[in-house]
Amino acid sequence: MSDALINGLAGAGGGIIAQLITYPLQTVNTRQQTERDLKKEKRKLGTIEQMCQVVKHEGWERLYGGLTPSLVGTAASQGVYYYFYQIFRNKAEVAALEQRKRGVGDGSVGMLSSLIVAALSGCVNVLLTNPMWVVVTRMQTHRKVANKKQPGQTLSIAPEETVLSAIEPPPYGTSNALYWEQLQIQEVYGEAGFWGFWRGVLPTLIMVSNPSIQFMLYETMLKKLKRRHALSKNSSNGITALEIFLLGALAKLGATLVTYPLLVVKARLQARQVTTGDKRQHYKGTLDAFIKMIHYEGFPGFYKGMSTKIVQSVLAASVLFMVKEELVNGIRMLLTKDAITTVKSKPR
């Protein structure tokens, strides 16, 4: 089994586990990003308070809205990313060794090469998996609207509820997950046709700098940590799972701070769009979203839900890196044992 396939499978497994642990935070964060209180009349709710509000008024199932396509998307994204990352990485290492033979460099892959490798892997990943994330965003931002009207009372629906909610079909839960996925797919196709599934692809492509920065920071810190372990006499031979966890957290934190505004724009574009009414809440494209957000919400609008995202991203990345490294080591150990057993079982 090739290193690319091992890393792809391990990345998919780590991504699924990280997604299961942090999904409620991701749902709340997506809702925070897509809130469009242009008059700034509503009191801002904290992450925990907003999670409690969702459970109270819509049911706990809403915190896991879109979980099924999200898990599929996570497995596909991490698998595709790590697979192509390892392929590009191997080519970069071969090129670095060739340069060393010519007297250029020390034979190791530098920061710039690592950045390019991660960016190329991210672009392939985005182009292949963007439709899944459009569906996930629609399901996360769907809100249950109370449509019961008391006698003599006028029904009032908030602007963002008009934007993000849909007609209430069967109850939203795990038993109806497939129905809801099909409903969102039909809605996206009805709004913008085939290309509607690639809404937000431009900011997402630009946002490949996030994993690029993340992996550049991670590998740089990992390389320094390995050197420190090698120089330290009291240190054990390998890097511990806790150290991998902390390195992943620091790397993701740095990358998230830089690229968060692009994430907000992507969520706005992928969420259900206003087709009638207030055009300030309808975005024709990436540039239009940037202009309207700056004009009507100011720069703070680009950092809505930032604290929630930092907690979710850092926790998810830490779990991902830790699980991935353990899975890679486990798979290689199993393959080594199988190879040894095969050799011993052969007749001499």
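The following questions and answers concern a predicted model of a protein chain.

User: How many helices and strands does the secondary structure of the protein chain comprise?
Analyst: From the N terminus on, the elements run α-α-α-α-α-α-α-α-α-α-α. The totals are 11 helices and 0 strands.

User: What percentage of the residues in the protein chain is buried?
Analyst: A residue is buried when its relative accessible area is under 20%. The protein chain has 348 residues, and the buried share of these is 47%.

User: Which residues lie nearest the centre of the second largest pocket?
Analyst: The second largest pocket has a volume of about 660 Å³. Its lining consists of 25 residues. Those nearest the centre are Tyr218, Leu222, Lys226, Lys324 and Glu325.

User: Which helix supplies the largest share of the lining of the second largest pocket?
Analyst: At least two lining residues come from each of helix 3 (67-101), helix 8 (209-231), helix 9 (241-270) and helix 11 (306-345). The largest share amounts to 8 residues, and its source is helix 11.

User: How many residues in the lining of the second largest pocket are charged?
Analyst: Asp, Glu, Lys and Arg count as charged in this division. The lining includes 11 nonpolar and 5 polar residues. The charged residues number 9.

User: Which residues are linked with Arg89 in a network of salt bridges?
Analyst: The side chains of Arg89 and Glu219 meet in a salt bridge, at 2.8 Å from N to O. This pair links distant parts of the chain, with Arg89 in helix 3 and Glu219 in helix 8, 130 residues apart. In the network, Arg89 is linked with Glu93 and Glu219.

User: Is Arg89 buried or exposed?
Analyst: The cut-off for a buried residue is a relative accessible area under 20%. Arg89 has a relative accessible area of 12%, so the residue is classed as buried.

User: How many residues apart in sequence are the parts that Glu297 and Arg268 tie together?
Analyst: The side chains of Glu297 and Arg268 meet in a salt bridge, 2.9 Å from N to O. Glu297 lies in the loop between helix 10 (286-296) and helix 11, whereas Arg268 lies in helix 9, so the pair ties together parts whose separation in sequence is 29 residues.

User: What are the relative accessible areas of Glu297 and Arg268?
Analyst: Both values are judged against the 20% cut-off, under which a residue is buried. Glu297 is buried, at 8%. Arg268 is also buried, at 0%.

User: By about how many helical turns are Lys292 and Asp288 separated?
Analyst: Lys292 forms a salt bridge with Asp288, and the closest N and O atoms are 3.3 Å apart. Both Lys292 and Asp288 are buried. Because the two residues are 4 residues apart in helix 10, their separation is about one helical turn.

User: Into what class does the aromatic pair of Phe194 and Trp198 fall?
Analyst: The count of aromatic pairs comes to 13. For Phe194 and Trp198, the distance is 5.2 Å centre to centre and the angle between the planes is 45°. Planes under 30 degrees apart would count as stacked and those over 60 as edge-to-face, with the rest tilted. The pair of Phe194 and Trp198 is therefore tilted.

User: Which residues are linked into a cluster by ring pairs?
Analyst: Rings of Phe, Tyr and Trp pair if their centres lie within 6.5 Å. The cluster linked by such ring pairs consists of Tyr23, Trp60 and Tyr64.

Note on methods. Residues numbered from 1 in each chain as written. Predicted model: local features only at pLDDT ≥ 70, side-chain atom pairs only at ≥ 80, totals over all residues. Heavy atoms only, no water. 1 Å grid on protein atoms, 1.4 Å probe; cavity = no way out; pocket = protein on both sides within 12 Å on 5 of 7 lines; lining within 4 Å. Points joined across faces, edges and corners; volume = space filled by probe spheres on them. Salt bridge = Lys/Arg side-chain N within 4 Å of Asp/Glu carboxyl O. Buried < 20%, exposed > 50% of the residue type's maximum accessible area, 1.4 Å probe, protein only. Phe/Tyr/Trp six-rings, centres within 6.5 Å; stacked < 30°, edge-to-face > 60°.
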